Amino acid sequence: MKQIRSIKGTHDILPNEIYKWQQLESIVCRTCEQFGYREIRNPIFEETGLFSRSVGQETDIVTKEMYSWEDINGKHLTLRPELTASVTRAYIQHNLGNQSPIQRLYYNGPLFRRERPQKGRQRQFHQFGVEAFGSNNPEQDVEIISIAWRIILQCGLENETTLNLNSIGSEECRDKYRIALRDYIHPYLKDFSQTSQHRFETNPLRILDTKSEKEQNILKGAPKISDYHTENDSSHFNSLIGFLKNMNIPFSINHKLVRGLDYYTGTVFEFNSHSLGAQDALLGGGRYNDLVETLGGRSTPGIGFAAGVERFLIAMEQSGINKKESSLDIYFVCVGEKALPIVLEISKKLREIGLKVISDTLRRSIKSQLREANKLEAKYALMIGENEIKDNNVILKDLSKGIQITILQSEVIKFFEDLTN
Ligand code: HAM
C-alpha cells in the first residue's frame, strides 16, 4: 500500500529535536512573564474576513498564501496566517480593554501560509510573539523591542542579529509620501516588475521592499518617508531612538523598511540574522494604532512583534549555541517478573524526587537492557534480579565510570537525594 507522507512545507518535530523547542519556549515564556505579559491561546482557524480586513486585501498573505475554504454552511474560513489579527479580535470580543487600560499579551503557536518552501520558510510554521494594547507612548515601543532583545540575548544570537528600525508615520504622512514616491517612480515605471507596477497602483510603499537589485538601484534616489513625518511622528521616533540608546540596544535605521502587512502605523522593526540566508527575518513587528477600530472595537493603540521559531532554531544551531538535551538519570534493569513490583515502586519514588527514570517494559535480557541504558546515555543503571529480591538489595552501576555497588533497597532514595543535594 502507498505510504502517506507529510504535506510539502510541513514538518514533524521529532523527539530528538523537541528539547530545543522546549528550551526556546521556556526562555520566551519566562521573559514575557518577567515583563508582565500573560499568555493568550487563540483558535487555529477564523473567519476569512478577519485577515482580509486586517492584514490587507492586497497583501501577499491574503491574495495568495491563505489556506481558506467554505464550510458546509457557507461560512468562509481560513487557517490563521498570523496572530495579531486573532489576538486583536479576542481583545475586542472579550472587552479586555475594560479589565485594564493596558493589556500585555504573548503567544506561541502554529501558523499557515502557502509560500514556496525553502530553508527557514514552511507552509506550517511557528511563531512566538507579544502584543500590547492601550499605550501610544514610545516607552511602550521600547518595552516591546526590549522583550525581543532579551530573548535574542538569552538565545546567544546578539552578535549575528541586526535590529532594523523605521517609522512609516501617521496616515497624514503616508498620504503625502505616497504621492512623492509615485512622482519619483513614475518616469522609471516600465523598468519595474509587474508586481511592483501593480503595487504602484495599490500600495506604492511596498515597492521599497523589492528584492530586485535593478529596482533597488532606482530607488536609491527615492524620497525618504522621514522627510514626510509630522511633528508627532518625529518626536515619537526620536524618543524611541533615545530610549534604545539608553538601554544599549543596538539598531540601524532603515528608511526602506515597510513590512508586508497593511495594519502598521508609525514604528516598524525587524531583527535580521546574518546566518539565515535568503529568509533572514528572525522577527518582525510594529505599531498598529488603527487595527482595533478597523476590526470594530474602540480606537486603541497597539504594538507587538512575532518571531519565527524555526528560524530562531536554525540561527541557534548554526551558531552552535543549542544546549544539550537533559539526559536520563536512571535506567532500571528488571530481571524476572517477581522484581517488577519493587522496580515500579522504587521508580515512582525516584521520580517523586525529580529524577528522570525509565524502567524496562520488554522483559529483555540483562545484556540488552544495559545496552539500551548506555544507548540512552543514562547516568546510572539500577538492577534487581532474584538474588537482590532475596536480600532486599539493588545493584547500582555508575555507567560513566563503570563502577558497581550493592545497596539496600530502602537506601536507594537517600543515595540519590544525597547525590543531587
Ligand atoms: P511577519 O513578518 O509576517 O509578521 O512574521 C513574523 C516572523 O514569522 C518572520 O520574521 C519570520 O521569522 C516568521 N515567518 C513568517 N513566515 C514564515 C514562514 N513561511 N516560514 C517560517 N517562518 C515564517 C507577522 O506575522 C506579524 N503578525 C508580526 C506582528 C505582531 N506585528 C505586530 N505584532
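This report walks through sheets, a surface patch and salt bridges in a predicted model.

## The five-stranded sheet

Let's start with an open sheet of five strands, whose order is β13-β12-β14-β15-β16 and whose pairing is mixed. At its edges stand β13 (357–359) and β16 (403–408); each has a single partner strand, so one side of each is left without a neighbour in the sheet. From one strand to the next, the twist averages 20°.

Within this sheet, β14 (residues 380–384) pairs with β15 (residues 393–398) over four bridges, in the antiparallel sense.

## An enclosed strand and its partners

Nine of its ten residues are buried, so β6 is largely enclosed by the rest of the structure.

Which strands pair with β6? One of them is β5 (residues 103–112), which pairs with β6 in the antiparallel sense over ten bridges. Here Tyr 106 has Val 130 in β6 as its bridge partner. Another is β11 (residues 302–308), joined to β6 by seven bridges, and these two strands also run antiparallel. Gln 127 finds its bridge partner in β11, namely Gly 308. As background, strands of a sheet pair through backbone hydrogen bonds, either parallel or antiparallel.

## A nonpolar patch on the surface

On the surface, Ile 44, Phe 45 and Trp 69 form a nonpolar patch, and together they have about 270 Å² of accessible area. Trp 69 belongs to strand β3 (residues 68–70). With a relative accessible area of 34%, Trp 69 is partly exposed, because the buried class lies under 20% and the exposed class over 50%.

## Salt bridges across the chain and within a helix

Side chains of opposite charge can pair when their charged atoms come close. In this model the count comes to 22 salt bridges. One of them joins Lys 20 to Glu 317, with the closest N and O atoms 2.9 Å apart. This pair links distant parts of the chain: Lys 20 sits in helix α1 (residues 15–34) and Glu 317 in helix α12 (residues 309–318), 297 residues apart. Lys 20 counts as buried at 16% relative accessibility, whereas Glu 317 is partly exposed, with a relative accessible area of 44%.

Arg 174 and Glu 171 also form a salt bridge, their closest N and O atoms being 3.3 Å apart. Both lie in helix α7 (residues 171–185), and because they are three residues apart there, about one helical turn separates them.

## A salt-bridge network

Finally, have a look at Asp 60, Lys 64, Arg 199, Arg 206 and Asp 209, which are linked in a network of salt bridges. Within it, Arg 206 forms a salt bridge with Asp 209, and the closest N and O atoms are 2.3 Å apart. Arg 206 counts as buried at 11% relative accessibility. Asp 209 is partly exposed, with a relative accessible area of 25%.

Notes. Residues numbered from 1 in each chain as written. Predicted model: local features only at pLDDT ≥ 70, side-chain atom pairs only at ≥ 80, totals over all residues. Heavy atoms only, no water. Pairing = 2+ DSSP bridges. Axes fitted to C-alpha atoms, helices over the stretch in contact; angles between N-to-C directions. Patch = residues over 30% accessible without salt bridge, like charges linked within 9 Å, V, L, I, M, F, W, Y side chains within 5 Å. Areas by Shrake-Rupley, 256 points an atom, 1.4 Å probe, with all protein chains shown as cover. Salt bridge = Lys/Arg side-chain N within 4 Å of Asp/Glu carboxyl O. Buried < 20%, exposed > 50% of the residue type's maximum accessible area, 1.4 Å probe, protein only.
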